[in-house]
Amino acid sequence: MGSLTMIQAINQALALAMERDARVMVLGEDVGRNGGVFRATDGLMDRFGRDRVVDTPLAESAIVGSAVGLAIGGMRPVAEIQFLGFIYEAMDQIGTQASRMRFRSHGRYHVPLVIRAPFGGGVRTPEIHSDSLEAIFAHIPGVKVVVPATPYQAKGLLLAAIEDPDPVLFLEPMRLYRSMREEVPDDWYEVALGQARLVQAGDHVTIVAWGPMVPVAQAAAGLVAGDGIVSEVIDLCTISPWDSSTVIESVRKTGRAVIVHEDQRQNGFGAEVAATIQEQAFLSLEAPVLRVTGYDTPFPVPMVEDLWLPDANRVADAVRQTVAY
Amino acid sequence: MNPEQEFPIRRVIDEQGQLVGDRSQVSDAQLKDFYQWLVTLRQFDQRAWNLQRQGRIGTYPPYSGQEATQVGVVAALSHDDWICGSYRDWAALAYAGVPLHYPLLNSMGHAIAGHIPEQVQALPVQVVIAAQILHAVGLAWAAKLQEQNRVAVTFFGDGATSQGDFHEALNLASVMQVPVIFVCENNQWAISVPLNRQMHSPTIAQRALAYNIEGIRLDGNDIVAVYQTMREVVERVRSGQGPVLIEAVTYRLGAHTTADDPTRYRPPEEDEQRRRGEPLSRLQNYLQRSGLLSQDDISSIDEMAKETVDEAVQTAEAYPAASLAETFEHVYGELSESLREQRAASVRGGAAHG
C-alpha cells in the first residue's frame with residue numbers, strides 16, 4: 001500500500017499488467033525513452049524492453065490501426081494518444097475499425113485494445129490539448145469509455161480495461177494526475193467496468209459526475225451542506241456502458257438530479273443521463289433534471305478557462321435551484 | 001531518375017499469351033489449376049452481376065480482371081499467413097478457402113459473411129479505403145513479436161494510395177521492420193477517377209523509395225509473374241528482411257459496383273486497349289499455344305466451373321435469413337444491460353422504453 005497520485009497509480013497498473021502478461025505492450029508517441037509527456041510510462045522501457053514499450057512514429061491513425069492488428073494477432077496493446085484532442089486523426093480506426101471488428105467478423109475476431117488519453121481543462125494548455133470528447137466515443141457501439149476520478153479508481157479500472165476483451169477508451173483527467181494522493185494497494189485489483197461509485201450518500205439531491213467533475217461535485221455538496229442540503233454524489237466511472245441502475249435508484253430516493261460534466265452541453269453525455277432519468281424515474285421527480293456543463297463553444301483560451309469550466313459554485317447554484325423548485 | 005525504368009514491369013507471359021520470361025518456378029499442373037480457378041472465379045463474378053440485375057442479391061463489387069493478382073498472391077502464402085483485403089478481394093478470399101457462396105451472402109445482407117471460416121487466416125472484407133493496410137502492419141508486428149514466422153499480406157487499390165493510412169502504414173512497417181507485403185491492385189480507376197488524377201507519380205512502386213523499402217512493379221494480369229514474384233518476396237519477408245510494396249498493374253474490367261456505370265467516365269478506346277491484356281484469355285492462350293490445354297479441356301473446365309457456381313448460388317439462396325436479434329450478439333463480448341433490454345424490445349417488435 002502506498003500513497004500515490006493518479007499518474008503513479010496508472011504507471012503502477014501498466015507495470016503490473018506487463019509483468020503478469022507478456023502479451024501486454026505499450027505503444028505511442030514519447031512513451032518509451034521519455035516515459036510519456038506526463039510520465040505515465042516512466043521506467044517501463046528500461047524494465048520491459050523496446051519491443052514492449054514502443055516509441056511509434058508521430059501518427060495517431062497508425063498507432064490505433066496497427067494496435068487493432070496487434071490485438072487480433074494475439075497481443076494486448078495499450079496505446080497512448082498523447083492528448084485526447086488529437087484523437088480525431090485516429091477516428092476511423094476507432095469508430096469503424098476497432099469498434100466493429102467483432103461485429104463485422106460475426107464474432108470471429110475481437111480487439112482487446114486499451115487507448116489511454118489525457119484530457120480536460122484546468123491546466124492552461126495550448127489549443128486542442130484540453131478538449132473533452134467522451135460523448136463522441138460513448139456514441140460508438142463496440143467501444144467502452146472509462147473515466148477515472150481518483151488514483152485508486154484509475155489503477156483498478158485500468159487493470160480491468162486491459163483484461164477486457166473489447167476496445168476501451170481510457171480517458172485520464174489531466175488536472176487530477178497530481179492533484180491528490182490516495183492509498184493504493186501494491187497488488188493487482190480490478191474495479192469493474194460499467195459500475196458507478198457512490199462517492200457520498202444523501203437524501204435531498206443526486207449529483208452525477210465523472211472524471212474531473214467528481215471533486216467539483218464533492219466541493220459543491222460541501223457548499224450546499226451549509227444550507228442543510230444533503231447530496232448524494234455518484235461517480236459514473238464508466239460512460240459506456242454506463243450504470244443507469246445506480247443513478248435511477250438514487251433519483252427514486254432523492255427525487256432530484258443535477259448532472260455535471262466538463263464537456264459542452266449540447267449532445268453531451270449528460271443529455272443521455274437526463275433522458276434516462278425522465279424515462280425511468282419520472283414519477284419520482286420533484287424538479288426538472290439540471291445540467292451544469294461547459295458552454296457550447298470550443299474549449300476557450302487559458303485566460304478565461306476558469307470561468308468557462310463548471311466549478312463548485314455553479315454546481316451548488318444548480319443544486320439549490322432544484323431543491324427550491 | 002526515371003521511375004518507369006527504375007521499376008520495370010515484371011512480365012512472364014505477354015498480352016498475346018507468349019512466354020517472354022522464365023517460368024521455371026511454376027509447374028504445368030499448377031498453371032492448369034490456376035486456369036481452372038480463373039475460369040471459375042470469372043464465371044462467378046459474372047453470375048453475381050446477373051443475380052444483382054435480377055434482384056436476387058444487393059450491391060456487388062465485381063473483381064473481374066483482377067483475379068490473376070489476387071489468386072497469384074494468395075497461392076504463394078502459407079495457410080497461417082494473414083490476409084487483409086478490401087471489398088473487391090473476394091477472389092483472394094475464395095482461393096484462400098472461403099466458400100464461394102460467402103460473397104453472395106455478403107451481398108444478400110447476411111452477417112455471417114463476415115465470419116471468415118476458422119481455417120482461413122483473413123480479416124473480413126473492409127470497406128473504408130486503406131484502413132486494412134494498418135491492420136496488416138499490426139498483424140505482422142504481432143507475428144514478429146511472438147516469433148510466429150507468419151507474414152501478413154494486404155490488398156488495396158490505387159485510390160487507397162492517396163489515403164493517409166497507406167503512408168502511415170508503409171512508414172510504420174518500415175520503422176518496425178515487420179513482415180508485411182503491401183499489394184496494390186492498380187486497376188487504373190477509383191470509381192470514376194483515373195490514376196493520373198490520383199497522383200502525379202508515374203508509378204506506385206516508386207513510393208517504396210520514400211520509405212526505404214523494396215518496391216516491385218509487375219503485370220498483375222500475368223498470373224505467372226505475380227505468383228513467381230510473390231514466392232520470392234514471401235520468402236524474403238518471412239526471413240525478416242522487412243516489408244515490400246508490390247504494384248500489380250491490372251485493370252478493372254467492370255464497374256466499380258453494380259450501382260456504377262463506367263460508360264459515364266471511361267473513354268471507349270482506352271477501355272478497349274486495356275481489356276486486351278486481361279488475365280484469363282492470356283493464360284488460356286498461353287496454355288493452348290503450349291499444348292497444355294485442349295478444346296475439350298476448356299469445355300470441361302467451363303462445365304465444372306458452372307456447376308461450382310450453381311452450387312454456390314443454391315447454397316447462398318438456401319441460407320437461413322439473418323435475424324435482428326443476432327445483430328446484438330457481437331457488439332461486445334458481453335451484452336450490456338441496456339443492449340439486453342433493446343434486444344428484448346426488438347424481438348417484441350417495439351421500441352425500448354422505460
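Select residues 4-179 of chain A: that stretch is 35% helix and 16% strand, and its end C-alpha atoms sit 11 Å apart. Helices here are DSSP runs of H or I with at least four residues, strands are E runs of at least two, and both are numbered from the N terminus. This is a predicted model, where local features need pLDDT of at least 70, side-chain atom pairs count only at pLDDT 80 or more, and totals for chains, interfaces and linings use all residues. Residues are numbered from 1 along each chain as its sequence is written, while chains are lettered from A and ligands numbered from 1 in the order in which they are written.

Of its 325 residues, 61% are buried (20 or more other C-beta atoms, placed from the backbone, within 10 Å of a residue's own).

Next, bring in chain B. The contact takes 37 residues from chain A and 36 from chain B, counting residues whose C-beta atoms, placed from the backbone, lie within 7 Å. On chain B's side, helix H6 (131-145) and helix H7 (164-176) each supply at least two residues. Color H6(B): it gives the most to that side, 11 residues.

Technical notes
Two residues are in contact if their C-beta atoms, placed from the backbone, lie within 7 Å. A residue is buried if 20 or more other C-beta atoms lie within 10 Å of its own, exposed if 12 or fewer, and partly exposed in between; C-beta atoms are placed from the backbone.
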